[in-house]
Amino acid sequence: MTENTPKRILLAAPRGYCAGVDRAVEAVEKALEHYGAPVYVRKEIVHNKYVVESLTERGAIFVEETDEVPEGARVIFSAHGVSPAVHAQAAARNLDTIDATCPLVTKVHKEAVRFAKDDFDILLIGHEGHEEVEGTAGEAPEHITLVNGPEAVDDIEVRDPERVVWLSQTTLSVDETMETVRLLREKFPQLADPPSDDICYATQNRQVAVKKIAPQADVVIVVGSANSSNSVRLVEVALESGAGASYRVDQASELQQAWFDGATSVGLTSGASVPEILVRDVITQLGEWGFGDVEEVRTATEDLMFSLPRELRADLKAAGQSTKRPKQLDLRPV
Ligand code: SF4
C-alpha cells in the first residue's frame with residue numbers, strides 16, 4: 001500500500017435509530033417540554049450513553065426503580081419494557097406513568113401471556129439480567145425459563161416436552177438464536193415456534209447490512225454503548241462475517257489510530273439506540289486519518305413509525321398540542 005492508495009469507509013444502511021428508540025426518546029423530550037422538568041425515567045430510556053446524558057442535561061432524572069421516584073410524580077418506562085410487577089409498584093406509589101415500551105417488545109409480552117395461559121412451558125432465549133428479558137419473564141414467571149444461548153440448552157428441563165414453545169429477546173444475533181433453537185428442537189422435537197419473529201426488524205436489518213460490508217472491510221467500527229445488546233451483537237456478526245477486526249465505540253474520541261494501520265477499507269455501522277450525530281463524528285475522525293471516500297451500502301429501507309405512548313398523546317391532545325411525528329429519517333444523506 002502506498003501513501004496514495006485510496007482509503008474508504010463502507011457505511012452500512014440501515015444503521016442507528018430504530019422506530020422504538022426514536023419514539024422512546026421523543027416521548028422523554030415531549031414530556032420535558034409539556035410537563036416541565038424534572039421527568040423521572042425508570043432505567044436508561046434506551047441503551048446509549050450520549051442519549052441518556054443529553055436528556056439528563058435537559059431535566060430527565062434516570063432511576064433504577066420506581067421507589068426512587070417521589071410519590072405521585074411522573075415516570076416514564078423505558079423502551080425495553082417492564083413486568084406487571086413494576087406497573088403494580090408504580091400504581092402503589094400513585095405514580096403517573098408513561099409507558100415507552102417498544103410495541104415490538106409488547107408483542108413478545110403478549111405472546112408470553114398467551115402461551116402461559118395455554119399452559120405451555122416457554123423457553124425465552126435471551127441474555128440473563130437484560131431489562132427486556134426481566135420484563136418479558138415477569139409476565140409469566142412460573143412458565144418461563146431463560147435460555148442464555150446455545151451452551152445453556154443441555155441444562156434446560158420442561159414439564160411436558162409436547163407443550164413447549166420458544167420466544168426470544170428482540171435484539172439477539174439471528175444466527176446464534178437459530179442455533180439455539182436447533183439445539184432446543186433436537187432436545188424437544190415438538191418445540192413450537194413463536195407466531196412471528198421476535199428478533200425485531202431493526203436488529204435483523206442492521207445485522208444483514210453489516211454482513212454485507214464485513215467481508216470487504218479490514219476493520220468494522222460499531223458505534224454503540226457497551227450495554228446495548230444489538231450493538232454488541234453487530235461486532236460479533238462483523239467478525240463472523242469476515243471483518244479483519246471489529247471494535248465498538250461509544251463515540252469518536254474512543255477510536256485508536258493504531259486500529260487502522262495498513263487498512264484501506266473501514267466498515268461503519270451503529271446500533272439501534274445510536275443517534276446519527278455520533279456516526280458523523282466517527283466519519284470526520286476517520287477522514288482526518290485518510291479515509292476520505294464514504295460509500296453507503298444499503299441492504300434495506302425502513303419506514304416503520306410508532307405513535308407516541310398513549311398516556312402522553314392523551315395529555316398533548318387535551319392541551320391542544322399536535323401529536324404528529326416527523327417521518328423517520330432512514331434515508332439520510334451521506
Ligand atoms: Fe423496538 Fe427493535 Fe428498536 Fe428494540 S431494537 S426498540 S425491539 S424496534
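How many aromatic pairs does the structure hold? In this predicted model, the structure holds five aromatic pairs. In one of them, the ring centres of Phe115 and Phe120 are 5.2 Å apart and the ring planes meet at 80°, so this pair is edge-to-face; the cut-off for that class is an angle over 60 degrees. Both partners are shielded from solvent by the criterion of under 20% relative accessible area. Phe115 has a relative accessibility of 7% and therefore counts as buried. Phe120, with a relative accessibility of 13%, likewise counts as buried.

Phe260 and Phe291 also form an aromatic pair, with 6.0 Å from centre to centre and 65° between the planes, and this pair is edge-to-face. Phe260 lies in the loop between β10 (245-249) and β11 (265-270), whereas Phe291 belongs to strand β12 (residues 291-298), so the pair ties together parts that are 31 residues apart in sequence. Phe260 and Phe291 are both buried. These two residues are members of one aromatic cluster, which also contains Tyr247, Trp259 and Trp289.

Charged side chains were also examined in relation to aromatic rings. The ring of Phe291, already noted as a partner of Phe260, has the charged end of Lys7 over it, at 4.7 Å from the ring centre. Elsewhere, Arg74 is placed over the face of Tyr35, at a distance of 3.5 Å from the ring centre.

Notes: Residues are numbered from 1 along each chain as its sequence is written. This is a predicted model: local features need pLDDT of at least 70, side-chain atom pairs count only at pLDDT 80 or more; totals for chains, interfaces and linings use all residues. Side-chain values use heavy atoms; hydrogens and water are left out. Rings of Phe, Tyr and Trp (its six-membered ring) pair if their centres lie within 6.5 Å; planes under 30 degrees apart count as stacked, over 60 as edge-to-face and the rest as tilted. Buried means under 20% relative accessible area, exposed over 50%, partly exposed in between (1.4 Å probe, protein chains only). Helices (H or I, at least four residues) and strands (E, at least two) are DSSP runs, numbered from the N terminus. A charge sits over a ring if NZ of Lys or CZ of Arg is within 6 Å of the ring centre and within 35 degrees of the ring normal.
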